[in-house]
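Welcome, and please have your viewer ready.

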Amino acid sequence: MFQLLQWFESEGIHTESIKIAELTHGCNGVVATQPIPSDQIVIKIPLHLCIFSEDLLKNHYQRYKKFYPHIFNINLNEDAEFNSLVLYILQQRDNEMSLHKPYFDYVKDPQNILSWTQEQVNTIMDENLKKTIQRMRVGLQLNFVRFVTFFKEQFKKGLNYDQFLYAYQFVMTRCFGGDDHLQSPCLVPFGDMLNHHDKCQTKQKIIGTDLVFITTKQIQENEEIYNFFGEHGNSFLLCWYGFTYDNNIYDKLYLLYEDDQIKEVSCYEFPMCNFKLKYYKVCQKLLNLLGEQRFKEVMMEVQAITEKQLKFQPDLLRCQLQVIQNQLINF
């Protein structure tokens with residue numbers, strides 16, 4: 001950590017009234033060292049430190065777009081920008097002269113759902129989520145084969161699966177961009193130290209040659225300072241970033257309606273849906289029973305009901321169904 005902080009300072013990253021700290025749940029985050037008012041810049045990151053996929057594809061990997069269009073041409077592969085960041089990490093991680101080597105050295109083991117064993121995946125009750133994980137694994141394997149095939153001359157010592165998985169998960173868990181102020185996906189040293197929450201107290205803005213993080217509300221001393229990764233339910237967060245959190249207002253349910261279509265429904269909007277649930281009384285009974293400790297028992301009850309009667313798939317075991325349970329009376 002000390003070497004990383006030295007690198008941050010030497011490269012012009014400026015912070016105000018914050019520090020990186022180990023949190024109670026075992027990961028690092030950014031906390032306030034004193035009360036911080038709203039509308040104050042707390043992080044200033046020179047843009048030259050950010051790794052922009054658009055810059056890589058336009059100025060560094062142009063020939064790759066020509067020779068390997070199925071990897072790097074965005075018109076043929078919607079993950080072209082993602083792939084350019086993966087390649088940059090593979091090229092620069094062990095390069096002693098690389099500007100970003102201290103950054104890569106600090107991130108030892110980025111992990112998300114792709115690190116889970118099949119045994120762990122099998123404990124998930126949500127069949128939709130299992131299918132998503134399987135598609136992600138197939139995509140990872142396909143990209144690995146492509147990289148090994150096309151870049152075997154460049155990686156003369158060989159490119160093994162663990163190296164590729166590191167780069168792949170690094171981008172998945174730490175990537176910014178694709179919004180109004182960051183036009184293309186990018187990696188943002190120090191900025192990616194902020195964890196996600198829907199109660200985020202910061203916004204980002206480019207001022208001159210810096211990307212800055214500005215507070216949007218008052219922050220108390222020792223309070224964690226959050227970023228916002230987007231309106232994602234816990235399934236998405238688990239797959240891409242490797243975590244979930246309680247009371248996620250963007251969590252979703254997947255329910256079968258009377259037209260036999262499975263529809264995605266926000267947990268917090270469920271009582272307002274204008275669709276009539278099929279076999280509503282059965283569903284209500286199961287929802288009232290549903291909970292993290294009771295899930296397996298409930299699924300045994302579901303098995304006793306014919307598939308035509310009910311297909312209920314929660315977004316995650318940790319899905320916050322208590323809100324729905326309390327409101328079902330008024331549905």
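At what angle do helix 8 and helix 9 pack, and how far apart are their axes? Select residues 127-150 for helix 8 and residues 161-174 for helix 9 in this predicted model. The two pack at an angle of about 120°, and their axes lie 11 Å apart. Angles from 65 to 115 degrees count as roughly perpendicular and those over 145 as roughly antiparallel, so helix 8 and helix 9 are oblique to each other. Their crossing is right-handed.

Next, show the side chains where the two helices touch. On the helix 8 side, pick M136, G139, L140, Q141, N143, F144 and F147. Their partners in helix 9 are Y161, F164, L165, Y168 and M172. Sorted by type, the residues of this contact comprise 9 nonpolar and 3 polar, with no charged ones.

Now move to the loop that joins the pair and select G158, found between helix 8 and helix 9.

Finally, zoom out to the whole protein. Colour by secondary structure to find 13 helices and 14 strands. Of the 331 residues, 46% are buried. The protein exposes about 18000 Å², with carbon and sulfur atoms supplying 49% of that area. Among contacts with a separation of 6 or more, 64% link residues 24 or more positions apart.

Terms used. Residues numbered from 1 in each chain as written. Predicted model: local features only at pLDDT ≥ 70, side-chain atom pairs only at ≥ 80, totals over all residues. Heavy atoms only, no water. Axes fitted to C-alpha atoms, helices over the stretch in contact; angles between N-to-C directions. Helix = DSSP H or I, 4+ residues; strand = E, 2+ residues; numbered from the N terminus. Parallel < 35°, antiparallel > 145°, perpendicular 65-115°, else oblique. Left-handed = near helix turned anticlockwise from the far one by under 90°. Contact = heavy atoms within 4.5 Å. Nonpolar A, V, L, I, M, F, W, Y, C, P; charged D, E, K, R; others polar. Buried < 20%, exposed > 50% of the residue type's maximum accessible area, 1.4 Å probe, protein only. Areas by Shrake-Rupley, 256 points an atom, 1.4 Å probe, with all protein chains shown as cover.
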